[in-house]
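Subject: Structure for you to look through

Dear colleague,

Here is the structure that I said I would hand over, with its sequence. Please keep it open beside this message while you read my notes.

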Amino acid sequence: MGAWSLRESNGRGFDSHTDASCNNSEFAYRQKNNLERRLKTAQLPLVHDLYRYDHKTINGISKTQLQELRQLVWLDQPYNPLLVGPSGTGKTVLAGGLCYDAIKQGYTGLFRRMDDLIQTIKLKDITTSAAREYKRLQKAQLLVIDDIMMFPLKKDVSVGLFQLIDQLHEQTSFIITTNKNPKEWAEMLGDEVLATALLDRLLYRSEVIQLSGNSY
């Protein structure tokens, strides 16, 4: 009787251990799939891992400053890093890397080039895919807009961009990359009042990081 009870107990213990292992494996599998799905939706640039970032490159951001940004404390405020500088100084790499870090920490992050964002704004009331994408933008906890204000915008697009940022600015953090000083945005938007209102939303809680130097 005692031996039978021991075998039964051991058997049940083994089953419990097996169930726990299976549950842990299933949970890890779901987490992996969830991360892969969110990374795919994010549309990150090809180079986006800041662990490989070359800190020897002198471009206006220090290793300490980058480490502080990578702690992501600013994401919960929300707070908006603006990366300003000429092409080739690492703006896209830095923005993509911070978005990648945020996604790995469980945040909903999206990386969008300005021209793609313009297309979404133009077509959101016309096509199902653009409407779906616009809803994704509205739900993002972090939205990277890459190369904002590179080219002049038409009035309807300028208004659409302002409306999106106005909807999100109190609940979403933005990372903005641009080769234009914020003072030049009025020229790109063709409307000084609109440019001022847009900058008010983005610069209210922000850090402007001026990048320069040799190409990254």
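The chain has eight helices and five strands, where helices (H or I, at least four residues) and strands (E, at least two) are DSSP runs numbered from the N terminus. Followed along the sequence, these elements come in the pattern α-α-β-α-β-α-α-β-α-β-α-α-β.

Please bear in mind that this is a predicted model, in which local features need pLDDT of at least 70 and side-chain atom pairs count only at pLDDT 80 or more, while totals for chains, interfaces and linings use all residues. Residues are numbered from 1 along each chain as its sequence is written, and side-chain values use heavy atoms, with hydrogens and water left out.

For the chain as a whole, 41% of the 216 residues are buried, a word that means under 20% relative accessible area, with exposed meaning over 50% and partly exposed in between (1.4 Å probe, protein chains only). The accessible surface comes to about 12500 Å², and 51% of this surface belongs to carbon and sulfur atoms; such areas come from the Shrake-Rupley method with a 1.4 Å probe, and for residues only the protein chains shown count as cover. Of the contacts in the chain with a separation of 6 or more, 83% are between residues 24 or more positions apart, a contact being heavy atoms within 4.5 Å.

Among the buried residues are V93, L94, L98, C99, Y100 and I103. Just after α3, G106 takes a positive phi of about 100 degrees.

Helix α6 (residues 155-168) also has 14 residues, and it reaches 20 Å from its first C-alpha to its last, close to the 20 Å expected. Its buried residues, including V157, L161, F162 and I165, pack against α4, α5, β3 (142-146), β4 (173-178), α7 (185-189) and α8 (192-203).

The axes of α4 (residues 114-123) and α5 (residues 128-139) come within 8 Å and cross at roughly 115 degrees; axes are lines fitted to C-alpha atoms, for helices over the stretch in contact, and angles run from 0 to 180 degrees between N-to-C directions. The contact is made by L117, T120 and L123 of α4 together with A130, E133, Y134 and L137 of α5.

Lastly, some details of the backbone deserve a careful look. Most residues other than glycine have a negative phi, and most peptide bonds are trans. A cis peptide bond, with omega about -20 degrees, joins Q77 and P78, and P78 lies in the loop between α2 (63-70) and β1 (80-84). In the loop between β3 and α6 you will find D147, whose phi is near 65 degrees, a positive value in a residue other than glycine. M149 is placed in the loop between β3 and α6 and has a positive phi of about 65 degrees although it is not a glycine.

Conventions
Expected span 1.5 Å × (residues − 1).
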